[in-house]
Amino acid sequence: MTGGIFILSGAGLSAESGLKTFRAEDGLWEDHRVEDVATPEGFARDPELVQTFYNMRRAQAAEADPNAAHQALARLQAEHDAPVYLITQNVDDLLERGGARDVIHMHGALKDALCASCGHRWPAPMVMDVKDPCPACGAPTTRPDIVWFGEIPYHMEVIQEALEDSELFVSIGTSGVVYPAAGFSQMARQLGIRTMELNLEASGGRFDEVREGLASTVVPQWVDEVLVR
């Protein structure tokens, strides 16, 4: 393989590190309605609840360790003879801590804070409070730098350029039902790019190849195959 590899990862990549997948079968996220903790409207209604929720998630992510799948993707990026683009829907930093570089966080990151008033970004403290002033404008409107439902994901132009530069699209640990990420595999097919899914269970999407199993098993196996070609 000489062309680039575009990898889109989701919650299934970090599940074996102890971080829960995005939403349970009952529609709740960590026992909260998604509308209450992952929308601008929820933040406007109860900012203290939202800050507490993400403080908890930030602490969980800090205690988690990268698993074999994170480390395998970092190894692929370091050893492959063509670009490996790592695009993730996850807000943890386990890919980076596993050794990966230049990870594109399309849904933001727990380690960052955002001012809802002026748009300034800065490293988030481990515990954020609704009264925290923005370092740039002083407004007490700081929020997690997370892309919520109804907001536009980050780096979309960069992501499209990466996809157009690739000859293989790989979806890892994601259901692929939330747009715009759900449209990436369709875009890849339209561009004539081969598509592959590595997931605990097949998502039902249209892929040229699907491999089922734990990320810590199927991802290192696939990486080994790519690197020996």
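In the predicted model, Glu-209 forms a salt bridge (a side-chain nitrogen of Lys or Arg within 4 Å of a carboxyl oxygen of Asp or Glu) with Arg-194, the closest N and O atoms being 2.5 Å apart. Glu-209 lies in strand E11 (residues 209-212) and Arg-194 in strand E10 (residues 194-199), so the pair ties together parts that are 15 residues apart in sequence; strands are DSSP runs of at least two residues, numbered from the N terminus. The two residues belong to a network of salt bridges that also links Arg-211 and Glu-225. With buried meaning under 20% relative accessible area, exposed over 50% and partly exposed in between (1.4 Å probe, protein chains only), Glu-209 is partly exposed at 22%, and Arg-194 is partly exposed at 35%.

Residues are numbered from 1 along each chain as its sequence is written. Local features need pLDDT of at least 70 and side-chain atom pairs count only at pLDDT 80 or more, whereas totals for chains, interfaces and linings use all residues, and side-chain values use heavy atoms, with hydrogens and water left out.

Across the whole structure, ten salt bridges are found. Another of these pairs is formed by Asp-145 and Arg-121, whose closest N and O atoms are 2.9 Å apart. Asp-145 lies in strand E8 (residues 142-146) and Arg-121 in strand E7 (residues 121-123), so this pair ties together parts that are 24 residues apart in sequence. Asp-145 is buried, with a relative accessible area of 3%, while Arg-121 is partly exposed at 42%.

Key. Helix = DSSP H or I, 4+ residues; strand = E, 2+ residues; numbered from the N terminus.
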